[in-house]
Amino acid sequence: MTTTVQARQRPVGELLREWRDRRRISQLDLAISADISTRHLSFVETGRSRPSREMVLRLGEHLDVPLRERNRLLLAAGFAPAYTETALAEPEMDAVRRAVRQLLTGHEPYPAAVVDRNWDLVDANAAVGLFVAGIPPELTTNVLRATLHPDGMAPHIRNLGEWRAHLLGRLRRQVAQTADPGLAELLDELRGYPCDQPVPEVEVPGPGDIFVPLKFRHDGTDLTFFSTVATFGTPLDVTVAELVIESFFPADSATAAHLREWAARVG
């Protein structure tokens, strides 16, 4: 509620200018891509001209503004939001839930999880239990806390410094992309967690490296994973647009065998 009120109090032109600056796009380049005059764009940003609903949506599209923030731009301009935000439990999201569940179960016996924009856990398959066994329940609600907290997965991650740098880098880019203050607070919190390994500032591959691995010790066995990230390709709902599915794959045959044996044992 506070954020919505703030969006209404701040002029839409000021918000658009902030997004343009954040994207490092000049007025001229934005005007050309959005097919409007530089003069008109300048008038919108300074408040001398009130943009139409279609203009706000067009500029939001060309600035790659997240759907949630496009709604806030519309509110600031005096218009109703264009994009729904439907709780995943609602009946109209049944197709989304079934698609997500199909992806998760189809990925077993390898771990896969779904998170929202805050990295809060939305759903996961049974194989994720290998990662979170023994972790306090209050940590497992957020996958970044579960991974990097000293009471979470962190003591079992063999390359914690490297994996920590990878996750913090992803979150840092997300903060820059969305300007979400809650994510910025989460980033500050995670940076404060202890780490007894060097944390590289830049991900530089070693000889033969093609991805940042997750090296995890489970039941006395060292496992190595790589992950892929998937999102919905044509979202028109805020909730759907913000869902992220992360799937972990074994990086070697020994890890694959261990996962199959573990799944058979616990399943």
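**Exercise 1. Is leucine 73 buried or exposed, and what relative accessibility decides this?**

Before starting, note that this is a predicted model, in which local features need pLDDT of at least 70 and side-chain atom pairs count only at pLDDT 80 or more, while totals for chains, interfaces and linings use all residues. Residues are numbered from 1 along each chain as its sequence is written, and side-chain values use heavy atoms, with hydrogens and water left out.

*Step 1.* Recall the cut-offs: buried means under 20% relative accessible area, exposed means over 50%, and partly exposed lies in between, with a 1.4 Å probe and protein chains only.

*Step 2.* Leucine 73 has a relative accessibility of 2%, and therefore counts as buried.

*Step 3.* List the contacts, meaning heavy atoms within 4.5 Å: when residues up to four places away in sequence are not counted, leucine 73 touches Val12, Leu15, Leu16, Trp19, Val56 and Val65.

**Exercise 2. Describe the geometry of the aromatic pairs that involve Phe131, Phe216, Phe225 and Phe248.**

*Step 1.* Rings of Phe, Tyr and Trp (its six-membered ring) pair if their centres lie within 6.5 Å, and planes under 30 degrees apart count as stacked, over 60 as edge-to-face and the rest as tilted. A search of the whole structure with this rule finds five aromatic pairs.

*Step 2.* The ring centres of phenylalanine 131 and phenylalanine 216 are 5.2 Å apart and the ring planes stand at 80 degrees, so this pair is edge-to-face. Phenylalanine 131 lies in helix α8 (residues 129-132) and phenylalanine 216 in strand β3 (residues 214-218), so that the pair links distant parts of the chain, 85 residues apart. Both phenylalanine 131 and phenylalanine 216 are buried.

*Step 3.* For phenylalanine 225 and phenylalanine 248 the centres are 6.3 Å apart and the planes at 90 degrees, so this pair is also edge-to-face. Because phenylalanine 225 lies in strand β4 (residues 221-230) and phenylalanine 248 in strand β5 (residues 244-250), the pair ties together parts that are 23 residues apart in sequence. Phenylalanine 225 is buried at 0% relative accessibility, and phenylalanine 248 is buried with a relative accessible area of 12%.

*Step 4.* Put together, ring pairs link the four residues Phe131, Phe216, Phe225 and Phe248 into a cluster.

**Exercise 3. Which residues of α14 are buried, and which exposed residues does the face turned away from them carry?**

*Step 1.* Check the length: the expected span is 1.5 Å times one less than the number of residues, so the 14 residues of helix α14 (residues 253-266) should span 20 Å, which agrees with the 20 Å between its end C-alpha atoms.

*Step 2.* The buried residues of α14 are Thr255, Ala256, His258, Leu259 and Trp262. They cover an arc of only 160 degrees around the axis, which puts them on the same side of α14; the arc is that of the directions from the helix axis to the C-beta atoms.

*Step 3.* On the face turned away from the buried side, α14 carries the exposed residues Ser253, Ala254, Glu261, Ala264 and Arg265.

*Step 4.* Finally, the buried residues of α14 pack against α8, β3, β4 and β5.

Note on methods:
Helix = DSSP H or I, 4+ residues; strand = E, 2+ residues; numbered from the N terminus.
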